[in-house]
Amino acid sequence: QYYVLSTTPGGRILGQALLRKVYQIAARYEFYSTNQEVLPILKAMSTGMTRVSQYNYWEKCIRKNERAKAAYQNAFDLFNRYQELTKYQGKLSSQKQILFLEEAISTLSADFRETGSPTCAYFCGVLQTALYEQQGQFNKAIATCKSLIELLRNNVSIRQTQRLAFQYSNIAIMEFQLGRLAEALGYLDLSIASTTPGSLDEYHKLRQKVEILFYQGAYIDAQKLNSRIQSAQKTIGEVDYAITRVVEAVIYFKQGEFRQALLILNQKFALSTDKAGWELTVRILTVMTLGELGKPEQAEKSFHNLDRYVHRNYKEHAVTLRDKEIIKLLRELVRCGFIFAEISQRAIDIGTKLSTSSDTEWKYGTPELIPVDEWFLKKIKKKPISPNYQGLCPFH
């Protein structure tokens with residue numbers, strides 16, 4: 001519109017107000033490239049039109065816009081570089097991740113102080129959250145996510161539904177890791193409400209909700225929601241579908257319906273990509289289920305298959321110290337035919353160590369949906385000592 005008006009002297013005067021409006025709106029939305037074009041025109045038009053020269057004022061605006069544009073682009077570059085380093089080029093060591101994050105946060109903090117760019121503030125907060133998570137400071141990470149939600153709400157230049165959904169989801173994950181189920185469910189529901197219905201992202205979040213409901217004891221609701229996810233098998237893919245089947249078996253196990261659980265566990269699952277995670281969990285849970293059903297011979301056979309499986313894969317895939325101790329515990333149970341009244345002291349010692357040692361205690365965020373030591377100690381009428389145990393487990 002301005003270029004049309006600028007063809008006449010009167011139009012150029014009228015167009016100046018239009019350009020000022022463009023400048024104000026572009027600044028709010030961080031359209032720095034737009035202002036890179038607008039500001040030189042405003043500088044040229046304003047020179048000599050008032051008694052006090054505005055040349056230096058507009059010159060400063062141009063330099064400030066150039067600096068803000070460079071900081072804006074750098075914010076995206078640092079975030080994308082972090083994504084590339086951690087996802088596409090293999091996982092960095094924890095120490096290298098922390099070093100990269102500290103340097104990036106320092107740069108973005110300085111850029112924000114100088115330019116006031118909401119984009120710099122946003123990505124600085126995102127990387128700060130990642131740093132706190134790396135350091136295990138989840139309460140600080142949650143507080144940062146909440147401040148980012150306010151930042152997104154108050155600045156149109158960065159306000160995007162998917163960004164809000166990501167922050168809600170991130171808080172939900174960390175609240176779950178801290179064992180705060182109600183808070184986790186509330187933020188997860190906010191994230192789901194901001195997610196495209198029927199998308200793969202929505203189904204991943206619904207699976208997370210299934211696990212929250214499960215550990216709240218809402219088995220019927222968890223099963224219904226899990227069935228809904230299973231109905232989208234083509235969307236979620238064979239691996240995620242296989243995981244929903246394992247979750248279904250776990251729900252049956254928790255309700256004491258061991259035959260139903262075993263029917264599912266005996267099926268073939270597409271979990272070979274996670275040999276030390278979900279596939280190992282299925283094999284361990286199968287031994288436990290057979291023990292619950294009073295089938296010691298089958299449990300023993302299943303255990304020997306599990307033992308051979310671990311020996312075949314432990315070098316290539318990281319089998320944790322906890323998993324090794326669980327296998328030792330199952331070996332003791334197999335020896336006594338799962339007769340818990342005749343359990344050995346060694347088994348009791350292993351079960352107690354699992355729940356009390358910081359090296360082997362159950363942790364949030366693993367496929368071990370039913371903590372084996374919790375199950376074992378309840379069978380022998382002993383309560384777990386670890387403060388981690390609240391009848392909870394995280395989603396993955």
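These legends describe close-up views of a predicted model. Residues are numbered from 1 along each chain as its sequence is written. Local features need pLDDT of at least 70, side-chain atom pairs count only at pLDDT 80 or more, totals for chains, interfaces and linings use all residues, and side-chain values use heavy atoms, leaving out hydrogens and water.

**View 1. The protein chain has 18 helices and 0 strands.** Helices (H or I, at least four residues) and strands (E, at least two) are DSSP runs, numbered from the N terminus. The C-alpha atoms fill a box of roughly 100 × 40 × 35 Å along the principal axes. Of the 396 residues, 48% count as buried. Buried means under 20% relative accessible area, exposed over 50%, partly exposed in between (1.4 Å probe, protein chains only).

**View 2. The largest nonpolar core has 101 residues.** Such a core joins buried Ala, Val, Leu, Ile, Met, Phe, Trp, Tyr and Cys residues through side-chain atoms within 4.5 Å. L306, L330, W375 and F376 touch the most other members. Helix 12 (residues 233–254) gives the largest share, 10 residues. A second, separate core of 10 residues includes L39, I41, L42 and I62.

**View 3. F376 and its contacts.** Contact means heavy atoms within 4.5 Å. Neighbours within four places in sequence are left aside. F376 then contacts L329, L333, F340, I343, A347, I348 and G351.

**View 4. Y29 lies in the loop between helix 2 (9–28) and helix 3 (32–46).** Y29 counts as partly exposed because its relative accessibility is 31%.
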